[in-house]
Amino acid sequence: DIHSLGSSSKTRGLNEMYETSFVEKFPQPSSFIDRQTPGRPLLEVLLAAKRPLDERALDSTIQHWREVIPLVRMYLQVVTPEEMMEGVIFGMPIDIEGNAWKLFHSSIADWLTSANRSSKQHTFHCSIARGHKLLAAMMLRRMFYTIGGYREK
């Protein structure tokens with residue numbers, strides 16, 4: 001079928017483009033998960049989030065996320081507070097601080113989470129489940145802080 005051939009070819013082209021780009025940005029496999037440039041945790045949190053995450057949420061979730069933005073910037077879309085308010089999510093107003101971030105296209109999400117790439121040899125595979133765990137931990141910290149059960153020293 002000519003349509004499936006074209007689709008397969010496009011997917012292969014995108015996959016190769018993403019792989020090449022990520023290898024350039026993160027030349028050592030360990031650099032993708034380094035605590036100082038947390039590429040994988042940032043992408044996993046953005047994959048797991050149901051809406052763009054603002055700077056306050058990212059600050060609460062991932063240390064040093066700002067250092068990795070230049071490395072993955074071409075795959076992210078910035079959403080301004082005004083744009084967030086225009087597209088009110090779930091019918092509720094959203095209190096956001098600064099710009100919010102999301103992945104710019106579903107193809108990058110597909111590439112990062114592809115089951116075909118989940119083996120150890122695929123350095124850039126991301127887990128949505130790990131992203132959910134990071135978001136849950138952030139929400140628990142916020143909840144404890146809000147109700148007074150958690151005091152920073």
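1. The side chains of arginine 66 and glutamate 55 meet in a salt bridge, at 3.9 Å from N to O, a salt bridge being a side-chain nitrogen of Lys or Arg within 4 Å of a carboxyl oxygen of Asp or Glu. Arginine 66 lies in helix α4 and glutamate 55 in helix α3, so the pair ties together parts that are eleven residues apart in sequence; helices (H or I, at least four residues) and strands (E, at least two) are DSSP runs, numbered from the N terminus. Arginine 66 is partly exposed, with a relative accessible area of 42%, where buried means under 20% relative accessible area, exposed over 50% and partly exposed in between (1.4 Å probe, protein chains only).

2. On the basis of these points: this is a predicted model, in which local features need pLDDT of at least 70 and side-chain atom pairs count only at pLDDT 80 or more, while totals for chains, interfaces and linings use all residues. Residues are numbered from 1 along each chain as its sequence is written, and side-chain values use heavy atoms, with hydrogens and water left out.

3. By the salt-bridge rule the count comes to five. One of them joins glutamate 44 to arginine 130, with the closest N and O atoms 2.6 Å apart, and this pair links distant parts of the chain, glutamate 44 being in helix α2 and arginine 130 in helix α7, 86 residues apart. Glutamate 44 is buried, at 2% relative accessible area, whereas arginine 130 is partly exposed at 34%. Arg40, Glu44 and Arg130 are linked in a network of salt bridges.

4. Aspartate 54 forms a salt bridge with arginine 56, the closest N and O atoms being 3.8 Å apart. Here aspartate 54 counts as buried at 3% relative accessibility, and arginine 56 is partly exposed at 27%.

5. The largest nonpolar core has 31 residues, of which Phe22, Leu42 and Leu43 touch the most other members; such a core is a set of buried Ala, Val, Leu, Ile, Met, Phe, Trp, Tyr and Cys residues joined through side-chain atoms within 4.5 Å. Helix α2 gives the most to this core, with six residues. Leaving aside neighbours within four places in sequence, leucine 43 is in contact (heavy atoms within 4.5 Å) with Phe22, Phe32, Val72, Leu76, Leu103, Leu112 and Cys126.

6. Leucine 58 has its place in helix α3 and is buried, with a relative accessible area of 0%. With neighbours within four places in sequence again set aside, leucine 58 is in contact with Leu42, Val45, Leu53, Trp65 and Trp101.
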